[in-house]
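User: I am new to reading protein models, and I would like to learn how to look at one feature after another. Could you take me through this one?

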Amino acid sequence: MRRCNEEVAGLLQEYADLIAITGGDAFKVRVYEKAARSVGGYGREIDGMDAAALRAIPNVGASIAAKIDEYLRTGSIHQLEELRTNIPAGVRLLTTIPTLGPKKAMVLYHERGVDSIEKLEDAIHAGALEGLHGFGTKTEENLLHGIEVMRKTGSRVHIGIAMAVAEEVVPALSAVPGCERCAYAGSLRRMKDTIGDVDILASVGDPADDSAALMAAFTALPYVTEVIAHGETKSSVRTAAGLQVDLRVVPRDSWGAALQYFTGSKAHNIRTREIAVHRKLKLSEYGVFDVATGEKITSADEAEVYGMLGLPWIEPTLREDTGEIEAALSVGLPRVVTSTDIRGDLHTHTDLTDGLAPLEEMVEAAAARGYAYYAVTDHAPNLFMQRMTDEKALQQRERLRRLGTARHGMTLLHGCELNIGPEGEVDWPPEFLAGFDLCVASVHSHFTQPPEEMTRRLIRACENPYVKIIGHPTARIIGRREPVDADWPRVFDACVLTGTALEIDSFPDRLDLPSGLVRRAADRGVLFSIDSDAHAVPHLDVMRYGVGTAQRGWLTPDRVINTWPVDRLREFLRPG
DNA sequence: GCCGTTTTCGGCCCGACTGTTTTCAGTCG
């Protein structure tokens with residue numbers, strides 16, 4: 001299902017960026033940014049809407065509706081195209097470097113002709129920015145560090161971007177005559193937090209007859225900008241977003257072996273092939289073979305492939321060779337948490353602060369997912385831009401109570417997302433916190449504290465009897481902000497001691513706590529809450545990424561408080 | 001450029017932090 005809301009949101013954001021870089025009206029910039037978020041988070045598909053319907057979207061007026069309409073009809077927006085001819089794409093890319101905004105980008109471009117990240121790096125190293133207003137030594141250091149942070153994720157993208165591509169490609173290829181099965185594999189199926197390229201696997205009756213049509217359809221997909229390779233069984237393309245997508249076509253009876261081969265990490269595959277060798281078998285992407293006779297034993301079904309190795313089917317998210325083989329051969333694999341185990345969402349926002357949808361719409365959408373409970377946790381006052389007040393919080397509580405549980409049978413919890421201050425303090429005093437059903441507390445400032453201070457800060461937040469969940473504990477933004485530095489084992493122990501859960505924030509550019517730390521925390525007995533951190537109705541769907549991260553951390557349902565029945569959850573949430 | 005009215009133009013999320021600046025601009029959340 002193609003969702004063009006995100007596409008249009010991206011274009012509006014680009015328009016906002018370009019206005020900002022060209023020194024346009026700051027309010028206009030903000031309006032386009034707001035419109036971009038509104039369209040991206042709008043609950044209905046905009047494709048096919050006319051200008052009047054478009055204007056019903058919040059923050060979309062006559063002018064922006066006309067631009068969207070033009071895009072839907074013609075595939076482009078002429079004002080945007082004009083701006084694009086004036087500002088090289090690389091200049092806009094500069095603003096993705098942390099600490100580098102539109103103003104500095106414009107200075108770099110106009111004064112020094114810098115129009116790419118590489119040129120910026122060269123300019124700094126060559127001392128070409130000396131004397132440039134606003135670019136001292138420290139600024140240069142920060143820019144180089146920002147570039148380094150970006151390089152760490154390299155050309156990889158976060159899972160949300162890769163999944164969106166896969167979920168367009170797979171249905172498109174599945175519809176091609178001759179295609180029998182089609183699925184994504186690789187690191188995407190393993191739910192890694194970042195993805196280098198998207199691996200798609202398709203099976204056909206006979207590759208000689210059927211693969212050509214698939215390859216043709218694949219390379220002709222509308223968002224393909226470059227065909228890197230075009231063969232009979234393998235093709236590679238690059239999308240407009242710069243993401244590489246590989247398609248492998250296999251005969252139907254190789255499906256299971258191929259899926260196994262293209263899903264496992266390299267290390268996992270090496271282990272499984274070693275096991276095969278010990279059993280006088282050979283494992284490849286074509287199947288499991290008897291070494292003595294060369295005869296193929298099985299290959300059509302993934303579980304059978306594992307079965308021939310004396311292993312149970314292994315959850316894709318566990319296939320990293322981090323102990324899953326040993327566990328499978330001895331104590332057994334963990335029964336990891338799945339999306340169907342999740343009974344509610346404990347960290348969500350509304351338009352009272354920086355969310356897009358009103359309370360009622362968020363609740364309605366949550367009820368439609370079949371949740372047993374749902375917490376509204378808007379920002380607390382110390383995140384000043386959100387302008388939360390005691391009165392607003394209390395009014396929201398009244399509104400929530402009036403919605404009640406009668407209509408949808410879902411328990412509504414009134415919560416908040418507190419800000420953990422530099423000393424570990426939070427926004428409200430105990431007597432006010434006592435009025436909430438649930439307090440999430442998160443770090444939103446002072447990200448660079450030394451580890452000792454950060455550790456004390458987090459522990460102090462845990463020790464607050466009203467704080468029950470630490471939100472996005474490392475505060476990382478993938479490709480943009482490094483995780484905060486803390487002595488995590490000590491934080492984990494404090495969580496256990498105080499009865500505080502750590503969050504797995506499911507937003508695809510956060511996935512925080514990251515899976516590696518999840519596993520370490522779980523080993524020490526920490527409990528978790530897997531939350532969407534939704535700011536709009538469509539965001540409720542990101543929960544699956546958090547579940548994937550939990551699986552990668554080997555979490556079982558009993559360790560996850562929002563798989564519990566509401567009574568047990570309420571018991572956990574009781575202050576103390 | 002959108003919104004919400006004091007319906008026709010004024011107000012628009014606002015405070016902290018950082019670096020380079022000597023009084024503030026840019027960036028971020």
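**Starting from one residue**

Analyst: Leaving aside residues up to four places away in sequence, Ile 459 touches Arg 490, Val 491 and Ala 494, where contact means heavy atoms within 4.5 Å. Please keep in mind that this is a predicted model, in which local features need pLDDT of at least 70 and side-chain atom pairs count only at pLDDT 80 or more, while totals for chains, interfaces and linings use all residues. Residues are numbered from 1 along each chain as its sequence is written, chains are lettered from A and ligands numbered from 1 in the order in which they are written, and side-chain values use heavy atoms, with hydrogens and water left out.

User: Where does Ile 459 lie, and is Ile 459 buried or exposed?

Analyst: Helices are DSSP runs (H or I, at least four residues), and strands are runs of E with at least two, numbered from the N terminus; Ile 459 lies in helix α20, residues 451–463. Buried means under 20% relative accessible area, exposed over 50%, and partly exposed in between, with a 1.4 Å probe and protein chains only, so Ile 459 counts as buried at 15% relative accessibility. The C-alpha atoms of Ile 459 and Asp 493 are separated by 9.0 Å, although these residues are 34 residues apart along the chain.

User: What does the side chain of Gln 396 make a polar contact with?

Analyst: A polar contact is a pair of N or O atoms within 3.5 Å; within protein, one must be able to donate a hydrogen and the other to accept it, and residues adjacent in sequence count only if both atoms are side-chain atoms. The side chain of Gln 396 makes such a contact with the side chain of Thr 350, at 3.4 Å. Gln 396 is found in helix α18, residues 390–403, and counts as buried because its relative accessibility is 4%.

User: Why is helix α13 described as largely enclosed?

Analyst: Helix α13, residues 255–263, is largely enclosed by the rest of the structure because eight of its nine residues are buried; among them are Trp 255, Leu 259 and Phe 262.

User: Which residues have the most contacts inside the largest nonpolar core?

Analyst: In soluble globular proteins, nonpolar side chains tend to be buried together. A nonpolar core is a set of buried Ala, Val, Leu, Ile, Met, Phe, Trp, Tyr and Cys residues joined through side-chain atoms within 4.5 Å. The largest one here has 61 residues, and those with the most contacts inside it are Tyr 374, Leu 418, Trp 428 and Phe 528. A second, separate core of 46 residues includes Cys 4, Ala 35, Ala 105 and Ile 147.

User: How many disulfides does the structure hold?

Analyst: A disulfide is a pair of cysteine sulfur atoms within 2.5 Å, and the structure holds zero. The sulfur of Cys 416 is 3.8 Å from the closest cysteine sulfur, in Cys 439, which is too far for a bond.

User: How many residues surround DNA strand B?

Analyst: A residue is near a strand if one of its heavy atoms lies within 4 Å of it, and 34 residues surround DNA strand B, the closest being Gly 101, Gly 136, Met 385, Arg 387 and Arg 481. Sugar and phosphate account for 75% of the atoms of DNA strand B that come within 4 Å of the protein. One phosphate oxygen contact involves a backbone N or O atom of Lys 104, at 3.1 Å, and another involves a side-chain N or O atom of Asn 142, at 3.3 Å. Helix α2 gives the most to the surface near DNA strand B, with five residues.
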